[in-house]
Amino acid sequence: MSAQDHPETIRIKLHLWRQEGPDQPGSFQAVELPDVSTHMSFLEMLDVANGRIAAEGGEPVCFDHDCREGICGMCSLVINGQVHGPLEEITTCQLHMRHFADGAEIYVEPFRAGGFPIVRDLVVDRSGLDRIVMAGGFVSVNTGNPQDANALPIAKPKADLAMDAAACIGCGGCVAACPNASAMLFTAAKVSQLSLLPQGQPERGSRALGMVRAMDSLGFGNCTNEYECMAACPKGIDVSHIARMNREFLRASFSEPEQA
Amino acid sequence: MTKLDSKCPSGPIEDRWRQHKFGLPLVNPANRRKYRVIVVGTGLAGASAAASLGEMGYEVVNLCIQDSPRRAHSIAAQGGINAAKNYPNDGDSIYRLFYDTVKGGDFRARESNVYRLAEVANNIIDQATAQGVPFAREYGGLLANRSFGGAQVQRTFYARGQTGQQLLLGAYSALMRQVAAGSVRMLPRREMVDLAVIDGQARGVVVRNLVTGGYERYAGDAVLLCTGGYGNVFYLSTNAKASNASAAWRCHRRGAYFANPCFTQIHPTCIPVSGDYQSKLTLMSESLRNDGRVWVPKAKGEARRPAEVPEEERDYYLERRYPAFGNLVPRDVASRAAKVVCDEGYGIGGTGQAVCLDFRDAIERDGKAVIEAKYGNLFQMYEMITGEDPYRVPMKIYPAVHYTMGGLWVDYNLESTIPGLFVLGEANFSDHGANRLGASALMQGLADGYFVIPATLPSHIAGRSREPVTTDHEVFEEVEKEARERNSRILAIQGSRSAEEIHRELGLLMWDKVGMGRNAAGLEQAARDVAALRETFWNDVRVPGGNDHLNPGLEHAARLADFLELAEFMAVDALHREESCGGHFREEHQTPEGEAKRDDENFKYAAAWEFQGVGQRPMLHEEQLSFEYVEPSTRSYK
């Protein structure tokens, strides 16, 4: 159905996951919205739902969001079982209600993963991803006077491939979509970006080893080639970056430390 | 009236920063760990400052309101970052970048600051590249440049349409390296609710832990405010939902002067408002104006769809009015021109509040593949939001609030009028004058954080004896008590209006009267209306939930309470500034052709205001600006 012949408003029934804290039991709260404009974004629809909940004396549902333009990585949500909703390569905040049918029932759940404890309702703790970056997701260069940027030519195809990986917004959708709750795609995106660039070479081995080990220690699972991560990724990050990370990890594992 | 000391150096402009740095004291590397610096915010300014100071050996405490420092709103900047590398050999120089920025700011910025900004910009590109930021490259492997918003040289570096993201992730990676090294303590999901001023110096902050609702205190030797701008006072803006003015406003209430609050930037290319549920506006990078042509139908109330309007019935009004710059005129000029044609009835779309940005000719000239390579992700974003395909039909765009040039007053060292309180990036007022040029915000945030504050921080902390302060000091007690009571009071009102509703009302009022066109009667009315709305808030707001757990509604209401004070103050500043300059257009002060009429005789100063109480007129302090290098002239883009 094209945007033109879609109705202006639809009736929906929401089932919102409510949970007061990480150790409390949770359950779904049903909210009916009779006239949702199809031009609304999904989060604007949740704003309206929250207005209704508050008007009836309830406490609004907590959900993470900030930029509402698909780049900060703050929004999350599993919508009818799909991470970031039914469309490919977008975040929840970019999903619009024109993609839902009149009368739709919509189940809204948090990102569920061992590495992402629930904070409240639909909000989860994704600080594990920051800890993976702390284990080597950087080039060790202090602020100062590095060489001229053009002293380091990088072939365009390689720079473009590095940029493809660098586009990761750190939302954690890959973790939530993976049956093993693995953070391989997230971790690989950074390992791959920096291993493709000359700037990343001196720490190439220690980075791959450090980040993969950090991921393992933080309760994220391993990769069994399900490709769910790529399907859910709002930035379309390719699983070939995982293959590159695996090569980097193996290479470093079988090298002498000073050559890693 | 007190004389503000900007501490701007004198002498040849190209030597000023070097000379000034040489004159500043240093802190011995072994002593740096004895100083604790509190950095509020993790955007480009905050993350680059925290990382750089951590590397130098200071003990840094860094907090942010998001769940991760990587999500600060700098991440959303699309277009690029300027630097006068002159790689394209098209006549660029540091001086030209300086000149363009002073002129672009409509002669309301300090020459010394702007020159420093232009000077360190090259270093930013080198630094970011060394961190692995994947800037766009040419086939030979060297960095690519493009021209951007109002510049006639190609000096803008970019990483697809995600330059802010890539620069922020570079600064974030440096920051996380310091967190791992133990030199920076990172505190996410924390909001600064007030400043502790002890013996006249900034000595710490009181913070609300957004997850537990608990209050925390951090004492230190200096506080760096890197909290961005106040565009969300308009409710609808391109800012992220949580972007707010509270930290800056709380500091203003504690004695930091706030400068030029009426200098707000309305960005010309945003996706228009589609309905009253709208929660934010999305920017379409102005890089699109390099290839897109802006037009409206020549007939009022044109009924055909834009793509069906024949060539001879289109008015390419920017090309017509400004033949030299055409579609690339600076943001304030482009925005106002769009408002004028829409106000006259030529606007398109259901609301009449939109103009066309058309790629038909560019696609014919260069082919779809070239346009897709340049703007693919932006076109995709546009289609996702509007359901229309910009390869086939013209984009609909309209101006929206995007950036605020005003902010806390700082001297050349970035220190506010409260000693020990430094303000970096968009939160300060210093470098963009009355209008910011495209690709200059990223430049300023990173200049302040990577290169200015590491040199100027010792001006406050070195060689001064300072009583050690702990968080059980009575000032911390008092400040925390006030903050707790403020939230309790908001929760206790239990009236009939939601904070969302009141904020929307505030936004409409500000957009209408303190937006793109302003006049005395409207501004006086706006100040009265805001004051009345503030009463409504404090008597009739209804905020659900409690103070002792994650409660986004309470966070929003508390920020709105501060916006309701700031908004009135913006109207007061706009009313006092009887001239048109940059983003501030007073309808009484325009040329017969409708261009802005600046008044250098009476208003060639930064207006730094001192807080006198809520609803009280703040006290004005003028910092006179001198222009020794760039002779103030009427900006002409014709």
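Colleague: Okay, so helices are DSSP runs of H or I with at least four residues, strands are DSSP runs of E with at least two, and both are numbered from the N terminus. With that in hand, where is the place of Ser147(B)?

Modeller: Ser147(B) lies in chain B, in the loop between helix 4 and strand 4 (156-157). Keep in mind that this is a predicted model.

Colleague: Noted! Is Ser147(B) buried or exposed?

Modeller: Ser147(B) is buried, because 20 other C-beta atoms lie within 10 Å, and 20 or more is what a residue needs to count as buried.

Colleague: And which residues is Ser147(B) in contact with, leaving aside its neighbours within four places in sequence?

Modeller: With those neighbours set aside, Ser147(B) is in contact with Val153(B), Gln154(B), Thr156(B) and Asn290(B). For a sense of scale, 40 Å lie between the C-alpha atoms of Ser147(B) and Glu555(B), which are 408 residues apart along the chain.

Colleague: Let's zoom out. Which domains is chain B divided into?

Modeller: Chain B has domain 1 (13-25 + 33-265 + 403-461), domain 2 (268-401) and domain 3 (479-615).

Colleague: How many residues of domain 2 of chain B are in contact with domain 3 of chain B?

Modeller: Six residues of domain 2 of chain B are in contact with six residues of domain 3 of chain B. On the domain 2 side of that contact in chain B, helix 8 (residues 331-343) gives the most, with five residues. By class, that side of domain 2 of chain B has two nonpolar, one polar and three charged residues. Taken over C-alpha atoms, the centres of domain 2 and domain 3 of chain B are separated by 30 Å.

Colleague: How about helix packing in chain B? At what angle do helix 13 and helix 16 of chain B cross?

Modeller: The axes of helix 13 (residues 474-493) and helix 16 of chain B cross at roughly 105° and come within 10 Å. Helix 13 and helix 16 of chain B are therefore roughly perpendicular to each other.

Colleague: Which residues in helix 13 and helix 16 of chain B meet?

Modeller: From helix 13 of chain B you have Arg486(B), Asn487(B), Ile490(B) and Leu491(B), and they meet Leu554(B), Ala557(B), Ala558(B) and Ala561(B) in helix 16 of chain B. The contact of helix 13 with helix 16 of chain B divides into six nonpolar, one polar and one charged residues.

Colleague: Now the two chains together. How many residues does each of chain A and chain B bring to the contact?

Modeller: The contact takes 65 residues from chain A and 65 residues from chain B. On the chain B side, several helices each supply at least two residues, among them helix 2 (44-56), helix 4 (111-131) and helix 16 (552-576). Helix 5 of chain B gives the largest share of that side, nine residues. Sorted by class, the side of chain B that touches chain A has 28 nonpolar, 25 polar and 12 charged residues.

Colleague: Can we follow one residue of chain A? Which residues is Phe138(A) in contact with, leaving aside its neighbours within four places in sequence?

Modeller: Those would be Ser173(B), Ala174(B), Met176(B) and Arg177(B) for Phe138(A). Phe138(A) is found in the loop between helix 2 (127-134) and helix 3 of chain A. Phe138(A) counts as buried because it has 26 C-beta neighbours inside 10 Å.

Colleague: Nice. What does chain A have in the way of helices and strands?

Modeller: Chain A has eight helices and seven strands. The C-alpha trace of chain A spans about 65 × 45 × 40 Å along its principal axes, and 54% of the 260 residues of chain A count as buried.

Colleague: Which domains is chain A divided into?

Modeller: Domain 1 (9-119) and domain 2 (126-259) of chain A. 17 residues of domain 1 of chain A are in contact with 19 residues of domain 2 of chain A.

Colleague: Last one: how do helix 3 and helix 5 of chain A cross?

Modeller: The axes of helix 3 (residues 156-166) and helix 5 (residues 184-196) of chain A cross at roughly 160° and come within 8 Å. That makes helix 3 of chain A roughly antiparallel to helix 5 of chain A. The crossing of helix 3 of chain A past helix 5 of chain A is left-handed. Residues that meet there include Leu161(A) and Ala165(A) in helix 3 of chain A, and Ala189(A) and Leu196(A) in helix 5 of chain A.

How values were computed
Residues numbered from 1 in each chain as written. Chains lettered and ligands numbered in written order. Predicted model: local features only at pLDDT ≥ 70, side-chain atom pairs only at ≥ 80, totals over all residues. Contact = placed C-beta atoms within 7 Å. Nonpolar A, V, L, I, M, F, W, Y, C, P; charged D, E, K, R; others polar. Domains from an automatic or database assignment. Axes fitted to C-alpha atoms, helices over the stretch in contact; angles between N-to-C directions. Parallel < 35°, antiparallel > 145°, perpendicular 65-115°, else oblique. Left-handed = near helix turned anticlockwise from the far one by under 90°. Buried ≥ 20, exposed ≤ 12 C-beta atoms within 10 Å, placed from the backbone.
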